[in-house]
Amino acid sequence: MAMVSLLTKSAITKGRDEVYVMAVPLRATKGPAQLLMSTAYSLNLWDLHHFMVLIKPSSPPPPQALVFDFQPKDPENIYVALDVIAGRPVPGVLLMRKLRELPRSKCWYVGSPNVDAIDVACEFNKSWKTDLRVGHHDCRDYTNGLIEYLTGQKDVLECLRRSNGGLG
């Protein structure tokens, strides 16, 4: 199994799209649940992170990074949270959002594919089933699948987890 590249900026292939994995706190209903998720994120508890794929295009105009994401349609709904805790499937949604710059932490360079990464990610999304079930078909499966589709890197999250504790 190939290891995830934790490369410096100077080692990244010039002229090709850059692919990253990023982690953010899990979203939860306001109040104690939201405080718990933020605390878990701050303590680097791996299983309580939401993972996404970030693509930084190489082509002009000034490249904005795009984030590809799979999450519940209504992640802050208490009934969705109860279904997730009970292990029941919930409606999911694929999102694509713009970022002006790369996050300063919890963002890892994975590779630079020989293809237009955004087109490939959009193609991948066309076949992704949106019934979300935590632990079986969730943001981790989506991130691992899209990274493999883009770069050939298998089990990227497990590789990140093993390298330097995975978070930082």
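# Briefing on a predicted six-stranded model

H50 has its place in strand β2, which spans residues 49–56. The model is a predicted one. The protein contains five helices and six strands, and along the sequence these follow the pattern β-α-β-β-α-β-β-α-β-α-α. Of its 168 residues, 41% count as buried. Among the contacts with a separation of 6 or more, 74% are accounted for by residues 24 or more positions apart.

- H50 is buried: its relative accessible area is 8%, which is under the 20% limit for a buried residue.
- The side chain of H50 makes a polar contact with the side chain of D69, at 2.5 Å.
- Strand β2 as a whole is largely enclosed by the rest of the structure, because seven of its eight residues are buried.

**The sheet**

- Six strands form an open sheet, in the order β5-β1-β2-β3-β4-β6, with antiparallel pairing.
- The edges are held by β5 and β6 (131–132); each has a single partner strand, so one side of each is left without a neighbour in the sheet.
- Helix α4 packs on the sheet and touches β1, β2, β3, β4 and β5. The direction of α4 makes about 25° with that of β2.
- β1 and β2 pair in the antiparallel sense over eight bridges. Within this pairing, E18 stands opposite K56 of β2.
- β2 also pairs with β3 in the antiparallel sense, over three bridges. Here V53 has F68 of β3 as its bridge partner.
- Strand β1 (residues 18–25) is joined to β5 by four bridges, and the two run antiparallel. V21 has W108 of β5 as its bridge partner.

- Is β5 (residues 107–111) enclosed or open to the outside? Five of its five residues are buried, so the strand is largely enclosed by the rest of the structure.

**Aromatic pairs**

- A search of the whole structure finds seven aromatic pairs.
- One of them joins Y20 and Y109: the ring centres are 5.5 Å apart and the planes stand at 70°, so the pair is edge-to-face. The cut-off for that class is over 60 degrees.
- Y20 lies in β1 and Y109 in β5, so this pair ties together parts that are 89 residues apart in sequence.
- Y20 is buried, with a relative accessible area of 4%. Y109 also counts as buried, at 7% relative accessibility.
- Ring pairs also link F70, F124, W128, Y142 and Y149 into a cluster.

**Helix α3**

- Which residues of helix α3 (residues 117–127) are buried? They are A117, I118, V120, A121, F124 and N125.
- Seen down the helix axis, these buried residues fall within an arc of 160°, so they line one face of α3.
- The face turned away from the buried side carries the exposed residues D119, K126 and S127.
- The cover over the buried residues of α3 includes β1, β2, β3 (65–72), β4 (90–99) and α4 (139–151).
- F124, one of the buried residues of α3, is also a member of the aromatic cluster.
- The N-terminal end of α3 is capped by D116, which has a side-chain oxygen 3.1 Å from the backbone nitrogen of I118.

**The segment after α5**

- S163 is found in the segment that follows helix α5 (156–162).
- A polar atom of the S163 side chain lies 3.2 Å from the backbone oxygen of L160.

Note on methods: Residues numbered from 1 in each chain as written. Predicted model: local features only at pLDDT ≥ 70, side-chain atom pairs only at ≥ 80, totals over all residues. Heavy atoms only, no water. Buried < 20%, exposed > 50% of the residue type's maximum accessible area, 1.4 Å probe, protein only. Polar contact = N/O pair within 3.5 Å; in protein donor to acceptor, adjacent residues only side chain to side chain. Pairing = 2+ DSSP bridges. Arc of directions from axis to C-beta. Contact = heavy atoms within 4.5 Å. Axes fitted to C-alpha atoms, helices over the stretch in contact; angles between N-to-C directions. Phe/Tyr/Trp six-rings, centres within 6.5 Å; stacked < 30°, edge-to-face > 60°.
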